[in-house]
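Subject: Structure handover

Hi,

Here is the structure I promised to pass on.

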Amino acid sequence: MKISVRDVGDAKVVEVEGDVDLGTSPALRRTLFESLPRAAKVALNLKAIRYIDSSGIATLIEVLKDSQRLKKEFVLFGLSPGVEEVFRLTHVIRIFQVFQTEQEALGTA
Amino acid sequence: MSDTPRRLRIKFEMPSDPRYLPVVRGAIGPLAAAIGWEESECRAITLAVDEALANVIRHAYHKRPDGLIELECLESADGLEIKLLDTGDAPEMSKICAREIGCDQPGGLGTHIIKEVMDSVSYEQSPDGNRFVARKLLRKTP
C-alpha cells in the first residue's frame with residue numbers, strides 16, 4: 001500500500017494505492033490521524049484502492065469520529081465498485097460524506 | 001474412472017501473520033470464478049474468507065504472528081465450503097455479530113460481512129482447535 005498527502009488550500013488530500021487490510025490499515029490510520037489536526041478538512045481518495053477489508057472501514061470510522069471531536073471535516077471521494085461493495089456490506093456508508101471527485105470533495109467544483 | 005466428478009480442494013497452512021493475507025486472497029477470487037460466480041460475488045467471497053482469517057489473527061492469536069492457521073477451500077457439488085482451524089483462544093460466541101448493523105462503532109464489522117456473504121457459518125471447538133466452517137451455494141440462473 002502506498003500513501004501520499006498533499007495540501008490543497010487549507011485542506012489535505014490523502015491518496016491511497018493498493019490493498020488496505022489488517023496488515024496495512026495501521027499505516028493509513030497513522031497518516032489520517034496525523035493529518036486531521038493540521039487541516040480544516042481531510043479528503044481521502046479511494047480511487048486507487050484495490051481492496052479494503054473491515055479493518056480499513058473501521059479505521060475510517062475512527063478517523064470520522066475524531067474529526068467530529070476536533071470539529072474538522074473528513075470526507076471520502078473516488079469510491080471504486082469494489083470499495084463501494086464493502087461499504088454496502090458493512091452498512092456504514094450513510095455516516096460518511098462521499099463525493100465523486102476531488103473538486104466536489106473540497107467544495108471547489 | 002470414477003463416476004464422481006473430481007473437484008478442486010485447496011489447502012493452506014499459514015502463519016498468523018497479516019502479510020500472508022494477500023497470498024490467500026489471490027487464490028480465492030479465481031477459485032470462486034472457476035466455480036461459477038460473477039466478479040462482484042468473487043470479491044465478496046474473497047472478503048469473507050479474508051475477514052475470517054483476520055479474526056483468527058486478531059482474536060485467537062492476539063496478533064502474534066507465529067500461530068498456525070489451516071485453511072481448506074473445497075469445491076462442492078453445489079458451491080464452495082471454507083474450513084478454518086486454529087489452536088488459539090476460542091472465540092467468544094456472545095461477541096460474534098453482537099454489533100448493531102449500521103451503527104458508527106468501528107469494531108465487529110468482519111463477522112457481519114461473513115454472515116452477509118456466506119449462506120451458512122458455524123463456529124465450534126474440537127480437540128484439534130477452533131473450527132470455522134462456512135458454505136456458499138452457487139445459485140444457477142435458469
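Below is what I found, starting with how to read the model.

This is a predicted model, in which local features need pLDDT of at least 70, side-chain atom pairs count only at pLDDT 80 or more, and totals for chains, interfaces and linings use all residues. Residues are numbered from 1 along each chain as its sequence is written, while chains are lettered from A and ligands numbered from 1 in the order in which they are written.

Let's begin with chain B. It has three helices and five strands; here helices (H or I, at least four residues) and strands (E, at least two) are DSSP runs, numbered from the N terminus. Reading from that end, the order of elements in chain B is β-α-α-β-β-α-β-β.

Of the 142 residues in chain B, 33% are buried. Buried means that 20 or more other C-beta atoms lie within 10 Å of the residue's own; exposed means 12 or fewer, and partly exposed is in between, with C-beta atoms placed from the backbone. Among contacts in chain B with a separation of 6 or more, 61% join residues 24 or more positions apart. Two residues are in contact if their C-beta atoms, placed from the backbone, lie within 7 Å.

Now, where do the two chains meet? The contact takes 21 residues from chain A and 24 from chain B. On the chain B side, α1 (21-35), α2 and α3 (109-117) each supply at least two residues. The most comes from α2(B), with eight residues. By class, this side of chain B has twelve nonpolar (Ala, Val, Leu, Ile, Met, Phe, Trp, Tyr, Cys and Pro), seven charged (Asp, Glu, Lys and Arg) and five polar residues (the others, Gly among them).

Finally, two lysines to look up. Most residues other than glycine have a negative phi. Lys71(A), however, has a positive phi, near 55°, and lies in the loop between α2 (54-69) and β4 (73-77) of chain A. Lys71(A) is exposed, because 7 other C-beta atoms lie within 10 Å. Lys63(B) also has a positive phi, near 65°, and sits in the loop between α2 (39-60) and β2 (68-76) of chain B. With 12 other C-beta atoms within 10 Å, Lys63(B) is exposed.

Cheers
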